Amino acid sequence: MATWNSRGLRGSVLEDLVNMSIERYRDGEIALIQKIPTPIKPINIDQSTRHITLAYFEQKSTVDYIGVVQGIPVCFDAKECMTDTFPLQNIHKHQIEFMRQFEKQDGISFILLHYSHKDEMYYVPFKTIDEFYRRMENGGRKSFKYDEIDKTYAIRSHNGIPIHFLEQINMDLASR
């Protein structure tokens with residue numbers, strides 16, 4: 001069973017921006033996307049603050065977000081990278097399998113990848129992630145480099161939506 005120890009606010013800014021974006025989409029009736037919580041079983045709770053300090057994951061999570069964008073099922077994960085190299089170990093095999101199955105059901109799977117050291121955000125289509133993952137499984141690199149992703153999938157903020165990724169979903173659909 002995996003153990004979880006709190007590491008503070010790691011990734012919370014990215015998550016907050018994604019959550020704000022999907023809230024704007026929901027308010028505009030453009031999309032309905034939910035953050036999927038990872039089920040945990042608390043072991044230690046700091047009684048003075050009522051914060052969980054040690055817990056076990058009850059089950060493997062699938063992806064961070066799932067929902068529908070104007071009739072199109074979507075699922076995605078939000079990842080952060082502090083260098084030009086993204087380790088594929090940050091995407092677990094069960095997540096890849098879930099996204100593969102989701103795509104077989106005519107859904108759209110992707111990763112929102114924030115290169116924090118460059119302050120750049122990209123939509124990485126599942127077909128690209130899958131190519132990198134299969135390359136690793138066949139003995140190749142266990143990561144991918146910034147230069148390997150398609151920069152036309154860059155994400156910008158738009159009309160008060162900090163991470164506006166709907167245009168990239170359209171690009172992904174057009175490439176199929």
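Trainee: Which residue stands opposite Met-121?
Mentor: Ile-155 in β11 does. This is a predicted model, where local features need pLDDT of at least 70, side-chain atom pairs count only at pLDDT 80 or more, and totals for chains, interfaces and linings use all residues. Residues are numbered from 1 along each chain as its sequence is written, and side-chain values use heavy atoms, with hydrogens and water left out.

Trainee: In what sense do β9 and β11 pair?
Mentor: Antiparallel, over two bridges, with β9 at residues 120–125 and β11 at 154–158. Pairing takes at least two DSSP bridges between two strands. Strands are DSSP runs of E, at least two residues, and helices are runs of H or I, at least four, numbered from the N terminus.

Trainee: What's the strand order in the open sheet?
Mentor: β2-β5-β6-β8-β9-β11-β12, seven strands with mixed pairing. β2 (31–35) and β12 (161–164) each have a single partner strand, so one side of each has no neighbour in the sheet. From one strand to the next, the twist averages 30 degrees.

Trainee: And which strands does α3 touch?
Mentor: Helix α3 (126–137) packs on the sheet against β8 (108–115) and β9, and its direction makes about 80 degrees with that of β9. Contact means heavy atoms within 4.5 Å. Axes are lines fitted to C-alpha atoms, for helices over the stretch in contact, with angles from 0 to 180 degrees between N-to-C directions.

Trainee: Switching topic, how many helices and strands are in the protein?
Mentor: Four helices and twelve strands.
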